[in-house]
Amino acid sequence: MSDDSSGPPSTAEFGTGCIHAGYDGDPATDAAAVPLYQTTSYVFDDADSAAAMYALEREGHIYSRISNPTTNVLEDRLATLERGAGAVATASGMAALDSIVLVLAGVGDNVVCSTDTYGGTTAYFSKTASRRGIETRLVPTLDYDAYAEAIDEDTAFVHVETVGNPSLVTPDFERLAELAHDRGVPLVVDNTFATPALCRPLECGADVVWESTTKWIHGSGTTVGGIVVDGGTFDWGEHGYSELAGQNDAYHDVDFSRDFSDAPLAAAIRYRSTRSLGNQQSPFDAWQTMQGLETLALRIEKHCENAAIVADYLADHEDVAWVTYPGLESHPTHDNASRYLEDYGGMIAFGLEGGDEPRGGYEAGKRLCESVDLAQFLANIGDAKTLIIHPASTTHGQLTPDEQVDAGVTPDLVRLSVGIEDPADILADLEAGISTATDRGDQ
């Protein structure tokens, strides 16, 4: 919806793009900062221009459920950072996923999804998409033969995460993309854990990227949001995606692949998903998110630096049974992470020794979350603050024990989102919490 030439040149470094991409001044006011257009509607010049916009024959803003000048800047900025052709901002990460599914899948279709996936995503596929007649086929994240076997003529797309939540597994994207494309389906990647600062899956063969902007992209834990980024390269018409190629049922004489050839999926999500579902990102939330996005390059560097320090500390701790962190050579996908990620991220998973308790590390993990002080016990990741949670009893608690194991969630697993505080303070807080959780404080 905005001039693609705005902002920095395409050769600009990532940190520059976080600040400047998608905005070259406000033509109405010459404002240096992105203005907040807190409006529901826009005045039409005349009846003919209004009709043309409703028919998608002319660009322009109609209603902020569909597009908004402030939100468009965030969309253009993230499309630039992800190296995509277009983007649509949504009210949350889950809204981004729902918007993709609405356009790509229908009754009788299936989605092939990796097991190392956020519990909310798995629950969405199995409990919500299923009510729309969409089947979910979960396959082990690193079993590439299983993907090949699961994909058939009714598969809408293959879905994986850049870094699995909370197992922190990184798949081979190029191999998956080739496998999916050979069977005529797109690869959709949740890039929340990496952000475009650490990985750009579209450059590795993926066709669609989505993520929760609530996390590192915003970075302060105040604003929920999501984004869908269209790579613009998948041939929807060749592979029979009627919502994206050919006469669209919702618009007379509109073919998204023809009329929005640069980014047809982004256009379809804007005019089919957010217009109908009302799950767009508000201009205020988009404006808030852009304030955080400006410092993403700086913050992610500190997150990664601190996480490496904490991972080494936990790996040498006598009361820690195991540690999962992509930067450790012992991690099962360390090589993939080294290949696809700029750095290893700010997430760590680990388990405590459980002693003689009936449920061992399960109870110790819960107690640790209650015992820390600086780290906050809550259901979020990617804040500037260090955050901690016990997934088996919270984020993945709705899954059966077998489903938890398939998702990489063991009973003792503690998920740690390492913040940008001084690492000495993070380590001191963890040491005190672990001492309490393992009863060493009473010895």
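User: Which strand does strand 1 pair with, and in what sense?

Analyst: First, this is a predicted model: local features need pLDDT of at least 70, side-chain atom pairs count only at pLDDT 80 or more, and totals for chains, interfaces and linings use all residues. Residues are numbered from 1 along each chain as its sequence is written, and side-chain values use heavy atoms, with hydrogens and water left out. Strands (E, at least two residues) and helices (H or I, at least four) are DSSP runs, numbered from the N terminus. Two strands pair if DSSP finds at least two bridges between them. Here, strand 1 pairs with strand 7 (residues 226-230) in the antiparallel sense, over 5 bridges. In that pairing Ala 89 sits opposite Ile 227 of strand 7.

User: Which way do the residues of strand 1 point?

Analyst: In a regular strand the side chains alternate between the two faces of the sheet. In this case Gly 86, Val 88 and Thr 90 point one way, Ala 87 and Ala 89 the other.

User: And why is strand 1 described as largely enclosed?

Analyst: Buried means under 20% relative accessible area, exposed over 50%, partly exposed in between (1.4 Å probe, protein chains only). For strand 1 (residues 86-90), 5 of the 5 residues are buried, so the rest of the structure largely encloses it.

User: How about Ser 114: buried or exposed?

Analyst: Ser 114 has 1% relative accessibility, so it counts as buried. It belongs to strand 2 (residues 110-114). Contact means heavy atoms within 4.5 Å. Leaving aside neighbours within four places in sequence, the contacts of Ser 114 include Tyr 147, His 159 and Glu 161.

User: At what angle do helix 4 and helix 10 pack?

Analyst: Axes are lines fitted to C-alpha atoms, for helices over the stretch in contact, and angles run from 0 to 180 degrees between N-to-C directions. Under 35 degrees counts as roughly parallel, over 145 as roughly antiparallel, 65 to 115 as roughly perpendicular and the rest as oblique. Helix 4 (residues 93-104) and helix 10 (residues 264-277) pack at about 105°, with axes 9 Å apart. They are therefore roughly perpendicular. Among the residues making this contact are Ile 100 and Leu 104 of helix 4, plus Ala 268 and Arg 272 of helix 10.

User: In what order do the strands of the open sheet run?

Analyst: The 5 strands go 8-9-12-11-10, with mixed pairing. At the edges, strand 8 (320-324) and strand 10 (376-377) each pair on one side only. Strand 11 (residues 387-389) and strand 12 (residues 413-417) run antiparallel, joined by 3 bridges.
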